[in-house]
Amino acid sequence: MNCKYRYCGAGLPADTNGNRHYCDDYCSYEERLEREKERYNKKKSTLSEMTRIEGLLRACHNQYGESPFDVNILRSLGMNWTLYSSILHAEFGEIRIVGSLGYIVLENFTILILKF
Ligand SMILES: [Zn+2]
């Protein structure tokens with residue numbers, strides 16, 4: 001077995017018991033820092049993607065106000081449909097919330113943007 005610290009990977013002594021994953025506390029601590037860094041970066045990139053999507057929605061809202069427009073317009077701007085902060089269930093469908101805006105995809109491929 002090898003040390004699980006990604007920048008070490010040294011072979012652990014053969015007589016090591018099965019619970020040992022690191023050379024020592026240093027390797028264990030460093031690997032934990034790396035994992036925290038990863039979590040932080042992931043959070044940060046999700047956050048900046050949310051900000052980007054919110055910007056797209058805002059731009060469209062500025063242009064179309066609260067009237068439906070062709071969903072392909074938003075698609076061609078590089079809309080990411082997989083990220084939203086929450087979903088509201090309304091009578092006419094589900095509203096996906098992104099920051100202070102929300103959108104709802106209507107029938108006939110139109111989309112409506114709402115400001116909260
Ligand atoms: Zn190590």
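Reply: Start with a definition: two strands pair if DSSP finds at least two bridges between them. Keep in mind that this is a predicted model.

Now the sheet. Five strands form an open sheet, with antiparallel pairing. Its order is β1-β5-β4-β3-β2. The edges are β1 (69-70) and β2 (86-90), and each of these pairs on one side only. Strands of a sheet pair through backbone hydrogen bonds, either parallel or antiparallel.

β1 pairs with β5, residues 110-115, over two bridges, in the antiparallel sense. Here Phe 69 stands opposite Ile 111 of β5.

Next comes the pair of β5 and β4. β4 covers residues 101-106, and six bridges join it to β5 in the antiparallel sense. β4 and β5 form a hairpin with three residues between the strands. Look there for Asn 108: its phi is positive, near 50°.

β2 and β3 run antiparallel, and five bridges join them. β3 spans residues 93-98. Ser 86 has Ile 97 in β3 as its bridge partner.

Helix α1 takes residues 25-64, which is 40 residues. From first C-alpha to last, α1 reaches 58 Å, close to the 58 Å expected at 1.5 Å a residue. Gly 65 follows α1 and has a positive phi, near 60°.

Where do helix and sheet come together? Look at the buried residues of α1: β3, β4 and β5 are among what covers them. Those buried residues are Cys 27, Ile 53 and Leu 57. An α-helix has 3.6 residues a turn, so residues three or four places apart point the same way.

Step back to the whole chain. Of its 116 residues, 11% count as buried. The C-alpha atoms fill a box of roughly 70 × 25 × 25 Å along the principal axes. The radius of gyration is 23 Å, whereas a compact globule of 116 residues would have one near 13 Å.

Note on methods
Residues numbered from 1 in each chain as written. Predicted model: local features only at pLDDT ≥ 70, side-chain atom pairs only at ≥ 80, totals over all residues. Rg over C-alpha atoms; globule rule 2.2 N^0.38 Å. Buried ≥ 20, exposed ≤ 12 C-beta atoms within 10 Å, placed from the backbone. Helix = DSSP H or I, 4+ residues; strand = E, 2+ residues; numbered from the N terminus. Expected span 1.5 Å × (residues − 1). Contact = placed C-beta atoms within 7 Å.
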